[in-house]
Amino acid sequence: MADDVKINRGLKGVYFERSGVSDIDGAAGMLQYRGYSIHDLATHATFEEVCHLLMKGELPTASELAAFDGALRAARAVPDAVLDIIRTCKDGYPMDVLRTAVSALAALEPDSLETGEEAFLRNGMRLTAQVPTLVAAHEAIRNGRDPVAPDDSLSHAANWLWMLKGETPSEDAARLADVDFVLHAEHGANASSFAARVTVGTEANLHGAIVTALSTLAGPAHGGAAEDVMKMVREIGTPENAEAYVKAKRANREAVTGFGHRVYRAEDPRARHMREGVRKLGEEMGAPEWYAILQAVVEAMKPYSRHGLNVNVDFYSGVIYQLHGIAMDLYVPIFAIGRMPGWVIQCIEQQRGNILIRPLTLYNGPEPRAWVPVEDR
């Protein structure tokens with residue numbers, strides 16, 4: 001029987017469910033959220049509109065957006081007891097602290113235990129609003145500062161930068177953060193979304209599924225690309241060094257960070273929307289050299305594009321965070337802020353017609369053998 005079984009390692013190419021959320025064509029470099037091109041959404045939509053689209057299925061009307069946005073703004077605060085927990089583990093890795101804080105919210109907010117679809121949506125909206133607060137609070141506390149309270153007059157992205165830095169961001173900086181969140185909001189059955197669905201498959205609550213997703217995203221093979229790009233840029237140092245760096249990497253058969261994707265063979269469609277933003281933010285912050293280094297790497301990598309090694313969205317994200325003076329170990333938590341609505345709707349979809357996700361492994365261990373008493377081993 002074993003000879004007849006095909007193993008799809010990593011479940012590559014396996015469809016485990018239907019979904020009405022993301023449509024991804026890796027060969028064409030296409031991404032749509034519920035039928036809307038990522039290019040239209042990144043150009044025209046706010047993150048709040050995209051949250052509504054993902055969670056509720058349609059772009060909101062003006063009145064629906066006002067109500068939805070108002071509910072998000074009203075949910076940003078977190079209990080003082082959670083801030084005390086962050087203080088206790090303030091020296092931990094930010095993704096570990098964030099995961100711990102979300103788990104604490106599950107224990108402190110009784111509504112989190114409800115598992116119906118309406119409860120998932122309600123808790124999902126609240127968590128989407130609270131996760132930026134948790135990340136910013138940890139950053140303040142570990143640097144000896146008091147957390148900055150949310151500002152309900154600011155948008156989701158602008159409020160995030162306000163809580164993180166203690167100053168109101170420029171319109172361009174806020175919009176770039178908003179676009180970053182839009183681009184990361186949802187991406188099909190990626191590792192963290194699949195892990196969250198596995199958790200929901202056991203009939204667990206949403207907070208438990210988000211803790212699972214956060215644990216999965218924390219792994220460098222999933223969430224670490226933006227941080228690795230920034231390390232690469234620092235190693236290259238100047239645009240003139242980019243070509244030699246790339247040639248050395250390729251000669252040693254080593255990957256160049258920020259190029260290639262598990263799904264996309266063409267350029268990641270999200271990347272173009274960060275490129276111009278990096279250039280403009282670099283000029284605003286008085287550090288245009290970062291953009292120049294990135295573009296020099298892109299130029300040096302052009303001969304390898306025919307092998308599917310095209311730039312991906314994380315190639316530009318890390319430099320945006322660097323320009324804001326954000327510590328590199330916060331890059332993955334920022335990814336989590338953007339991905340929250342995607343995780344929420346993936347969990348809601350799993351809950352509809354739920355089934356326990358339980359794949360098989362093909363045994364290849366020892367043949368049956370006799371028991372040997374311990375004194376005879």
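This is a predicted model: local features need pLDDT of at least 70, side-chain atom pairs count only at pLDDT 80 or more; totals for chains, interfaces and linings use all residues.

Me: Why is Asp228 called partly exposed?

Reply: Its relative accessibility is 32%, and the label covers the range between buried (under 20% relative accessible area) and exposed (over 50%), with a 1.4 Å probe and protein chains only. Asp228 therefore counts as partly exposed.

Me: What makes His156 count as buried?

Reply: His156, which lies in helix α7 (residues 156-165), has a relative accessibility of 4%, so it is classed as buried. Ile7, by contrast, sits in the segment before β1 (22-25) and is partly exposed at 49%. The C-alpha atoms of His156 and Ile7 are 43 Å apart, although 149 residues separate the two along the chain.

Me: What makes Val5, Ile7 and Leu362 a nonpolar patch?

Reply: A patch is made of residues with over 30% relative accessible area and no salt bridge, like charges being joined within 9 Å and nonpolar side chains (Val, Leu, Ile, Met, Phe, Trp, Tyr) within 5 Å. Ile7 has a relative accessible area of 49%, and together with Val5 and Leu362 it forms a surface patch with about 230 Å² of accessible area (Shrake-Rupley, 1.4 Å probe).

Me: How do you know that helix α2 is largely enclosed by the rest of the structure?

Reply: Nine of the ten residues of α2 (residues 47-56) are buried, so the helix is largely enclosed. The buried residues include Phe47, Val50, Leu53 and Leu54, and also Glu48, Glu49 and His52. Just after α2, Gly57 takes a positive phi of about 100 degrees.

Me: Why is the contact between Glu109 and Arg126 called a salt bridge?

Reply: The closest N and O atoms of Glu109 and Arg126 are 2.9 Å apart, and a salt bridge is a side-chain nitrogen of Lys or Arg within 4 Å of a carboxyl oxygen of Asp or Glu, so the pair qualifies. Glu109 lies in the loop between α5 (94-108) and α6 (117-142) and Arg126 in helix α6, 17 residues apart, so that the pair links distant parts of the chain. Glu109 is buried, at 12%, and Arg126 is buried too, at 16%. By the same rule the model holds 20 salt bridges.

Me: What do the pairs Asp329 with Arg142 and Glu283 with Arg279 join?

Reply: Asp329 and Arg142 form a salt bridge with N and O atoms 2.7 Å apart. Asp329 is in the loop between α16 (314-323) and α17 (331-351) and Arg142 is in helix α6, so this pair ties together parts that are 187 residues apart in sequence. Glu283 and Arg279 meet at 2.9 Å, but they are four residues apart in helix α14 (residues 272-284), or about one helical turn. Elsewhere, salt bridges that share partners join Glu109, Asp111, Glu114, Arg122 and Arg126 into one network.

Me: How is the lining of the largest cavity divided by class?

Reply: A cavity is a set of points, on a 1 Å grid over the protein atoms alone, where a 1.4 Å probe fits but cannot get out, and lining residues have an atom within 4 Å of a point. The largest cavity holds about 60 Å³ of space, and its lining has eight nonpolar residues, one polar and one charged. Trp160, Leu161, Phe181 and Ile320 are among the residues that line it, and α8 gives the largest share, three residues.

Conventions:
Residues are numbered from 1 along each chain as its sequence is written. Side-chain values use heavy atoms; hydrogens and water are left out. Helices (H or I, at least four residues) and strands (E, at least two) are DSSP runs, numbered from the N terminus. On a 1 Å grid over the protein atoms alone, a cavity is a set of points where a 1.4 Å probe fits but cannot get out, and a pocket is an open set with protein on both sides within 12 Å along at least five of seven lines; lining residues have an atom within 4 Å of a point. Grid points are joined across faces, edges and corners, and a volume is the space filled by probe spheres set on the points. Ala, Val, Leu, Ile, Met, Phe, Trp, Tyr, Cys and Pro count as nonpolar, Asp, Glu, Lys and Arg as charged, and the others, Gly among them, as polar.
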